[in-house]
Amino acid sequence: MNKLYVALFSVAIALYGCQSPKPSEQIDLVELTVEQIHQSYEKGDYTSQQLVMAYLNRIEQLDTKINALTIINPNAVSIAKELDEEYKRTKVLRPLHGIPIIVKDNINTEGLPTTAGAFALKDFIPEENAFVIKKLVEAGAIIIGKSNMAEWAFSPMHTESSTGGITYNPYNLDYVPAGSSGGTAASIAANLAVGGLGTDTGNSIRGPSSHCALVGFRTTLGLISREGIVPLFLRNDVVGPMCRTVEDATRIMEVMVGFDSKDPITKNSLNKTQNNYRQFLIKNGLQGSRIGILRELSDYEIDPDINELFVKAISDLDSLGAEIVDPVQIPDFSNLRQNQWCATFRADVESFLDTYVKRDTIKTLEDIIRIGSTSEFSKGRLQAYTSQTGRWGNADSECLDAYHDEKRIAFREAIESVMDSLNLDAIVYPSWNNKPARIDFFEKEYKGDNSQIIAPHTGQPAFTVPMGFSEDNLPVGLQFLGKMYNEPILIKLAYSYEQGTKHRKPPIIN
């Protein structure tokens, strides 16, 4: 990485020269938002090029400690230069004009490796961007780099890969940032870019966001295309924003929404989306809302520190104007949640290899195993998927998407019918009932992950927002679960809670 940084800075300086209104080292990057950046562009305080250089300097200083990134985009400064020239001509800023973004390393990004953390893909450089990357680039975003991840997105516990090694939680380097989008979480928490993208099969946006004091959006299955993304279980996979604020997450989500013929599940979103999600950023949005407490999740073997924070969160929701419905009981919840997972990795990943990688040497799961891995956890999962197919625990029930799978539909209908009967805007619970695990004991200490249980299977949207900090300076998240395509309501509630509590604070990395 260091050689790459040096080469990049040499190129950047040659391109940029000395023409700066404000040197990049004088830009305060800590907790910088899209709105603040655009205001600075408009006032002429600094340019996109200067901002990119400032982030590259910060990456060089801090990423050696957290190991969040796998590659820096060597074209980031030249892209910023083009955007600066465009703004000079047009005096118009695109929605994400000149905004540096970090992308998880399983999302196809033209000209940059997309490895999914695996040796099998270490030399794979996509010929074109994934659908969501195209949308971000069209909106003016600058992909400044790609982030480390749990190899093949297998682990919700820990972020370790063959190509990137281990990523550390910037709030306490002895602890995990969770997985699998831990590199994005650690980098955005440490202010190495404005926002980032993660993917979430069961937990992998919300868990790392919770562990790193971020906002993470798992949106409705069907709202955003997954085209050009290395799958884990495509029937569950979503891609979404991981940011320091609800507003920035909303801005990034907004430009990614849209029908994509290459991802048929997005057909379900037609006539259910908004052109402007920012209109739901309402500071008093909790006033008059009804929030349900799902004790079956929130009270299960909960750590006392996290329980104390959750009790305070409920009190805060109440004081901010929400009516609390406690408890909410979902009939047959304990049975409906069972046997929801399906092992579709072989079929999904082999389809990706055939569509995008197109190499005779890597076509099958067996080829991936032959090429090898440094991760014992990954090796075990790969071997298991050679024989494990279909639904776990119930092989007779067909595995389908969230709109056609009878078990998934039954689970969702049970939840949404209760929400309708109680007139609930959302259900809340801690994103994790326990603290982050220590890196050296990540499997033994993995417990309390609530994100896996509902949204991946029902297809419902679920957002996590910082809820405070437990001992050892470890972040904790509060999760809002909504009905299908109720992102506008979740944005309103999450933003109101965030603005009313202000739990987010940056890490101090020693």
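Predicted model: local features only at pLDDT ≥ 70, side-chain atom pairs only at ≥ 80, totals over all residues.
## Overall build

The protein chain contains 17 helices and 15 strands. Its radius of gyration is 22 Å, close to the 24 Å that the globule rule gives for 510 residues, so the chain is as compact as a globular protein of that length. Taken along the principal axes, the box filled by the C-alpha atoms is roughly 65 × 55 × 45 Å.

Of the 510 residues in the chain, 62% are buried.

Is Thr-167 buried or exposed? Its relative accessibility is 0%, and because residues under 20% count as buried, Thr-167 is buried. Phe-345 is 178 residues from Thr-167 along the chain, and the C-alpha atoms of the two are separated by 24 Å.

The loop between S5 and H6 also holds Ser-180. A cis peptide bond joins Gly-179 to Ser-180, with omega at about 5°.

How many of the residues of H6 are buried? The count is 8 of 8, so the helix is mostly covered. Among the buried residues are Gly-182, Gly-183, Thr-184 and Ala-185. Ala-186, Ser-187, Ile-188 and Ala-189 are buried too. After H6 comes Asn-191, which has a positive phi near 65°.

## Salt bridges

Side chains of opposite charge can pair when their charged atoms come close. In the whole structure, a search finds 28 salt bridges. One of them is formed by the side chains of Asp-299 and Arg-295, at 3.1 Å from N to O. Asp-299 is partly exposed, with a relative accessibility of 40%. Arg-295 is also partly exposed, with a relative accessible area of 23%.

Another salt bridge is made by the side chains of Asp-305 and Lys-435, with an N to O distance of 2.9 Å. This pair links distant parts of the chain, as its members are 130 residues apart. Asp-305 is in helix H10 (residues 304-319), while Lys-435 is in the loop between strand S13 (426-430) and helix H16 (455-458).

The side chains of Lys-483 and Asp-420 also meet in a salt bridge, at 2.4 Å from N to O. Lys-483 lies in the loop between S15 and helix H17 (487-501), and Asp-420 lies in helix H15 (residues 406-421), so the pair ties together parts that are 63 residues apart in sequence. Asp-420 is partly exposed, at 46% relative accessibility. Elsewhere, Glu-31, Arg-244 and Arg-504 are linked in a network of salt bridges.

## A patch of negative charge

Which residues gather in a patch of negative charge on the surface? They are Asp-174, Asp-440, Glu-471 and Asp-472.

Asp-472 is in the loop between strand S14 (462-470) and strand S15 (474-481). With a relative accessible area of 43%, Asp-472 is partly exposed. Residues in a patch must have over 30% relative accessible area, and the value for Asp-472 is 43%.

Most residues other than glycine have a negative phi, and most peptide bonds are trans. Some places in this model depart from that pattern. The peptide bond from Asp-326 to Pro-327 is cis, with omega near 0°. Pro-327 sits in the loop between strand S10 (323-325) and helix H11 (333-336).

Lys-91 is not a glycine, yet its phi is positive, near 60°. The loop that holds Lys-91 runs between helix H4 (76-90) and strand S2 (99-104). Lys-91 is exposed, with a relative accessible area of 61%. Glu-301 is not a glycine either, and its phi is positive at about 45°. Glu-301 lies in the loop between helix H9 (295-298) and H10. At 58% relative accessibility, Glu-301 is exposed.

Technical notes
Residues numbered from 1 in each chain as written. Heavy atoms only, no water. Patch = residues over 30% accessible without salt bridge, like charges linked within 9 Å, V, L, I, M, F, W, Y side chains within 5 Å. Areas by Shrake-Rupley, 256 points an atom, 1.4 Å probe, with all protein chains shown as cover. Salt bridge = Lys/Arg side-chain N within 4 Å of Asp/Glu carboxyl O. Lys, Arg positive; Asp, Glu negative; His and termini not counted. Charge placed at Lys NZ, Arg CZ, Asp CG, Glu CD. Helix = DSSP H or I, 4+ residues; strand = E, 2+ residues; numbered from the N terminus. Buried < 20%, exposed > 50% of the residue type's maximum accessible area, 1.4 Å probe, protein only. Rg over C-alpha atoms; globule rule 2.2 N^0.38 Å.
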